[in-house]
Amino acid sequence: MDVAECQSQLPENNHHVAFMEHALSCARKSPPAPNKFCVGACLVDADEGRVLSTGYSLELPRNALEDGDQGSTHAEQCCFIKIAQKHGLPEERIGDVLPPNTVLYTTMEPCNKRLSGNRTCVDRILGLRGSVKAIYIGIREPDTFVGKSTGEGNRKLEAAGIRVEFIPETRLERVRAIVAGFFCVFSAV
């Protein structure tokens, strides 16, 4: 589903589900691997109901990063990089061009810890200084790679005035889509 299709299918009373479904369709594009989840994200102008950018895990190559981050690209990070590239800005300055009511839909909570030591998605969002007003999340990050999710990242976001909300309507499907990359690889071994 492309951006136009997502927008044309938005029901008046259930836009969160439509945007989360669009993020799920992005997650399905992520190549499976034993060391990551298949995550998708959409950056949305909530006032206009318009998708600004989409991303999925490993969508952009490592050398697409201007900040020297040598880790894998995360879904949220890909959304931000695309906005930066579109406007010829460094990622940290995309808040200058984002609409006033920008929200993020992501199939898994933004990372608060990266084993590579690279900048986390929580820190990237906080670095935008309030440009993202709300984050709608499919599921908590499973403890497969970085340990049990303590909710610390979500607390940091909320302390900065960002609304954090889990969308329960399609939870089981999201879980299957997100962890599919991880489990498919190990099932084949």
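# Reading the cores, rings and helices

Visitor: Which residues does Leu43 touch, not counting residues up to four places away in sequence?

Guide: With those neighbours set aside, Leu43 touches Arg50, Val51, Leu52, Ser53, Cys79, Phe80, Ile83, Leu98, Thr102, Val103, Leu104 and Val132. Please keep in mind that this is a predicted model.

Visitor: Which residues touch the most other members of the largest nonpolar core?

Guide: Leu43 is one of them, together with Ile125 and Ile135, in a core of 24 residues. Several elements each supply at least two residues of this core: β1 (40–45), α3 (75–87), β3, α4 (121–126) and β4. Helix α3 gives the most, with 5 residues. There is also a second, separate core of 11 residues, which includes Phe19, Val51, Tyr105 and Ala134.

Visitor: How do I read a pair of aromatic rings, and how many such pairs does the structure hold?

Guide: In general, two values describe a pair of aromatic rings: the distance of the centres and the angle of the planes. This structure holds 2 aromatic pairs. In one, the ring centres of Phe19 and Tyr105 are 5.1 Å apart and the planes stand at 35 degrees, so this pair is tilted. The pair links distant parts of the chain, since Phe19 belongs to helix α2 (residues 15–27) and Tyr105 to strand β3 (residues 102–108), 86 residues apart.

Visitor: Are Phe19 and Tyr105 buried or exposed?

Guide: Phe19 is buried, with a relative accessible area of 2%. Tyr105 also counts as buried, at 2% relative accessibility.

Visitor: What about the pair of Tyr105 and Tyr136: how far apart are the centres, and at what angle are the planes?

Guide: Here the centres lie 5.0 Å apart and the planes meet at 25 degrees, so the rings of Tyr105 and Tyr136 are stacked. The cut-off behind that word is planes under 30 degrees apart. Tyr105 sits in strand β3 and Tyr136 in strand β4 (residues 132–139), so the pair ties together parts 31 residues apart in sequence. Tyr136 counts as buried at 6% relative accessibility. Phe19, Tyr105 and Tyr136 form one aromatic cluster.

Visitor: Now for the helices: why do the buried residues of α5 line one face?

Guide: The general idea is that an α-helix has 3.6 residues a turn, so residues three or four places apart point the same way. In helix α5 (residues 152–159), the buried residues are Gly153, Asn154 and Leu157. Looking down the axis of α5, these buried residues fall within an arc of 100 degrees, so they line one face of the helix. Their cover includes α4, β4 and β5 (163–166). Just after α5 comes Gly161, with a positive phi of about 90 degrees.

Visitor: Which residues of α3 are buried, and what do they pack against?

Guide: The buried residues of α3 are Ala75, Glu76, Gln77, Cys78, Cys79, Phe80, Ile81, Ile83 and Ala84. They pack against β1, β2 (50–56), β3 and α4. As for its length, α3 has 13 residues and reaches 19 Å from its first C-alpha to its last, close to the 18 Å expected at 1.5 Å a residue. Gly88 follows α3, and its phi is positive, near 65 degrees.

Visitor: Stepping back, how many helices and strands does the chain have?

Guide: The chain has 6 helices and 5 strands, and along the sequence they follow the pattern α-α-β-β-α-β-α-β-α-β-α. Of its 189 residues, 50% count as buried.

Note on methods. Residues are numbered from 1 along each chain as its sequence is written. This is a predicted model: local features need pLDDT of at least 70, side-chain atom pairs count only at pLDDT 80 or more; totals for chains, interfaces and linings use all residues. Side-chain values use heavy atoms; hydrogens and water are left out. Rings of Phe, Tyr and Trp (its six-membered ring) pair if their centres lie within 6.5 Å; planes under 30 degrees apart count as stacked, over 60 as edge-to-face and the rest as tilted. Helices (H or I, at least four residues) and strands (E, at least two) are DSSP runs, numbered from the N terminus. Buried means under 20% relative accessible area, exposed over 50%, partly exposed in between (1.4 Å probe, protein chains only). A nonpolar core is a set of buried Ala, Val, Leu, Ile, Met, Phe, Trp, Tyr and Cys residues joined through side-chain atoms within 4.5 Å. Contact means heavy atoms within 4.5 Å. The arc is that of the directions from the helix axis to the C-beta atoms. The expected span of a helix is 1.5 Å times one less than its number of residues.
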